[in-house]
Amino acid sequence: MFRKVLVANRGEIAVRLIRALREAKVASVAVYSDADRLAPHVQMADEAVHLGAAPASESYLRIDKIIDAARRHSVDAIHPGYGFLSENADFADACAQAGIIFIGPTASAIRKLGSKTAARKLAIAAGAPVVPGTESGISDEHEAQRIARNIGFPVLLKASAGGGGKGMRRVDRAEDLPAARRDASSEALRAFGNGEVYIEKLIVEPRHIEIQILGDHHGNLIHLGERECSVQRRHQKVIEECPSPVMLEHPGLRAKMGEAALNIARAAGYTSAGTVEFLVDRDRNFYFLEVNTRLQVEHPVTELVTSIDLVQWQLRIAAGELLTISQQDIRWTGSAIECRVYAEDPASGFLPSPGRIEVLREPSGPGVRLDSGVFEGWNVPLEYDPLLAKLATWAPSREDSIQRMQRALGEYVVGGIRTNLSFFVDVLRDPQFRAGNLSTAFLDHFFDRVSLPPANLEQEAAVALVLALARHSHKQTPSPAKSSWLQSGRLDLLR
Amino acid sequence: MKFETQIGGHAGTLSIDADRLHYQREGGDPVACEFSCEQAGEGAYTVLLNGASYQIVLLPAGEVWVNGSTFRAEVFDPRGLRGRRGPDSETGRKSIAALMPGRIVRVLVEAGQTVEAGQGLVVVEAMKMQNEMKAPRAGKVAQVKAQPGTTVAAGEVLLVLE
C-alpha cells in the first residue's frame, strides 16, 4: 500500500478520500486555493499545499502546480476525485512522467473513453447499443445544421470532454442551434478546458441508469450493479438510488446491462473504478451513453448496498493489488438513496446561493450516511460546484429507505444560505416517486403537479410564540442568542 | 400581549396571556392552548403545544426552521411604528439587479442601445452555472454598471433600462 497520497480535489469528495486514506493508514496531502484555506479537507489532511487563486483555472486545474506539490511532499500517488482533473489524460501522463501513480484508469483508457465521441466508437465495436448521433465534435455551423436535420430535432448538444450536464443543451429548433452551440461550447471550455461539442438524438423521457465497474491490473473486471439517477435538473443528478426500481420488475436487466458495461470496459483495457452510463427507454431498451472514468459523486449508494468500499479498492488496485472479489461474490442487499444537497434556492428557480453557513445541524442515526464538505461558519465559495454534502440512507426496502431519508431530512438544518433540502422533502412524498415511476423528465412533471402540504396552524403558532417572546424582550430581531433573553422576556410578560 | 404575525406568507395575530396563547391566521381556525417554551441552546428553542413538540431554530435573514421545514417569519408589535412603504413609484426607469451572487461573464448590451423584451442583457456566473439576465420589457439601456470579470452581490444593480 502507499505511504502518502495527494488528494487533488476539494469539498465533500476530498473529505471522503482523506477519510479512506486514514482508514488505510496512508498519509494525506490536501491542496487548496485562496478560497479554501479554511475548507474541511485542508483542516483534516495530514499536510496541505496552497495552489493559487480561487478560480479553478488558477488552482485545482493547474497540473504543473499539483505535480510540483506532489513532488515536494514526496507522495506515492495522486487521487483526483471527480470533476477538475479526474478525467484528464494529460494529467495522468504528467503523473506518470513524475513517477507518481495516478489513482484511476490508465491515460490510454481515459483517452479511449473520456471523450464521449471516442467512447461511442468503442462501444459500437464492443457490440453495445448506442443513441444515434455524431461520433466527433462539430465545429462547422453548416455541418452541425445538416447533422441535426438528419438526426431530427429535438437534439442534444454535449461536451466531448464533459460530464455532469456542463456544456449540455437541448435544441428543439434549427434556428436555436447556433446560440445553443456557442453557450454549450463556452460552458464546456470553462468547465473542462475543452470547448468541443457534439450532437445526439434526444431519447424522450428515458431513465438514466448506470453500471459501476471495478477492474485491476491483473485482468480481473467486475460490475457492482446499477444506480438509477433519473431524477435530474438541468441534466444534473439530484437523487440517486440502488437498486433501480426497474430491476425489481425486470430482474434480468441488471445482468444484461452489466455484461454490456463489462464488454466496453474490457475493450478499453479499463482498470480502477468507473461508471458506464446508459439511457433506458420505456420498452426497457438500453443505449450506451458515456463512460465516467473516475469515481462518481453518487458512489455511496453502491457502497451501501454491496458493502464494498470503492475508494479502498481504488487505492489497492492502484498499488498493484489483486481484486479479490469475483462477480459471483457481489450481493445487492436492501435499498440505498442519496440526495445531493446543493447551495441553491428552490424558491428562485434553483439559483446558486453561495455565502456563509450561519447555522448547521446534521442528521445522523441508524442507516444514515452523510458525506459533507462544510461546517457551521464556512463560507461557501462562488467559484465552485454548489454541492455541499450528500445525504444517503440505507434500509431493507426502497419504501423504508425513502421513509428513513424523510426522517433524516427532517433533522437537517442549514441557515445563512439557501439549500434544496425542502425540495427533497417534497419529492420524496410525491406518489410517482414513491411508485418508482422515474425518468429524466420526472422533475419537469413533478413541478407541474407538486402541491403544498396542508397548513399546520399549531406549528405556525409555535413559531409566532418564539418570535413574539424574543421580540418582547429585545426590540430588534433576535440573533441566535447566547443570553437568557428568552427567559427574561418571558418573565417580563408574566409579571 | 398582542402581536401581528407573518408566518410563511400568512398574516395572523398572536395573543399571549400568562401560559396561554391564542393564534389566529387570517381565514384559518384559531389555535388556543397552554404552552411551554424553553431555550435549548444558541438560537434553538423547544415549544410544547397541546402535547405536541416543536423544535425551532432561528436562522439569519428572518427565517425560522421548525420540525424540518423552513419559513420566513416575522412578528410585529402593533403599538410600534411600522409605517409600511408603498410600492415604488413608476418612473419608467427599471433597474436590473443580479438575482444571485456571482461573477459577470459578459455584458451583451451598451448604454444607449434599444432592447426588446426578453433580450439577453448580462451573463452572470456562479458555481459553474451561467445565468443570462433578460430584459423584462422593451426599452433603452440608460446605464451599464456591470463590468465583465467583476464579482457582484445578489441585488446589486447591473444596468438600468428606461
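Leaving aside residues up to four places away in sequence, A:V463 touches B:I7, B:I56, B:V64, B:V66, B:F71 and B:A73. Here two residues are in contact if their C-beta atoms, placed from the backbone, lie within 7 Å. The model is a predicted one, in which local features need pLDDT of at least 70, side-chain atom pairs count only at pLDDT 80 or more, and totals for chains, interfaces and linings use all residues. Residues are numbered from 1 along each chain as its sequence is written, while chains are lettered from A and ligands numbered from 1 in the order in which they are written.

A:V463 is also among the residues with the most contacts inside the largest nonpolar core, together with A:I78, A:I264, A:A464, A:L465, A:V466 and B:I56. This core has 194 residues, and its largest share, 10 residues, comes from α17(A). A nonpolar core is a set of buried Ala, Val, Leu, Ile, Met, Phe, Trp, Tyr and Cys residues joined through C-beta atoms within 7 Å. A residue is buried if 20 or more other C-beta atoms lie within 10 Å of its own, exposed if 12 or fewer, and partly exposed in between, with the C-beta atoms placed from the backbone. Helices (H or I, at least four residues) and strands (E, at least two) are DSSP runs, numbered from the N terminus.

Next comes the contact between the two chains. In it, 48 residues of chain A meet 53 residues of chain B. On the chain A side, at least two residues each come from α8 (177-192), β16 (351-352), β22 (413-415), α14 (421-428), α17 (457-473) and α18 (485-494). Which element gives the largest share of the side of chain A that touches chain B? It is α17(A), with 15 residues. By class, this side of chain A has 29 nonpolar, 11 polar and eight charged residues. Ala, Val, Leu, Ile, Met, Phe, Trp, Tyr, Cys and Pro count as nonpolar, Asp, Glu, Lys and Arg as charged, and the others, Gly among them, as polar.

Each chain is also divided into domains, whose bounds come from an automatic or database domain assignment. Chain A has domain 1 (4-103), domain 2 (132-201), domain 3 (207-449) and domain 4 (457-494). The C-alpha centres of domain 1 and domain 3 of chain A lie 23 Å apart. Their contact takes 25 residues from domain 1 of chain A and 24 residues from domain 3 of chain A. On the domain 1 side, α1 (11-23) and α2 (40-44) of chain A each supply at least two residues, and the largest share, seven residues, comes from α1(A). That side has 16 nonpolar, five polar and four charged residues. In chain B the assignment gives domain 1 (2-76) and domain 2 (94-161), with C-alpha centres 39 Å apart.

Some helices of chain A can now be taken in turn. The buried residues of α4 (89-97) are A:A89, A:F91, A:A92, A:A94 and A:C95. They pack against α3 (63-72), β4 (77-79), β5 (101-102) and α5 of chain A. After α4(A) comes A:G99, whose phi is positive, near 75°.

Helix α5 (107-114) and helix α6 (116-125) of chain A have axes that come within 5 Å and cross at roughly 90°. Axes are lines fitted to C-alpha atoms, for helices over the stretch in contact, and angles run from 0 to 180 degrees between N-to-C directions. A:R111, A:K112 and A:L113 in α5(A) meet A:A118, A:A119 and A:L122 in α6(A).

In helix α11 (299-306) of chain A, eight of its eight residues are buried. Just after α11(A), A:S307 takes a positive phi of about 60°.

Most residues other than glycine have a negative phi, and most peptide bonds are trans. A:K25, in the loop between α1 and β2 (27-33) of chain A, has a positive phi of about 60° although it is not a glycine. A:K25 counts as exposed because it has 9 C-beta neighbours inside 10 Å. The peptide bond from A:F153 to A:P154 is cis, with omega near 0°, and A:P154 lies in the loop between α7 (141-151) and β6 (155-159) of chain A.
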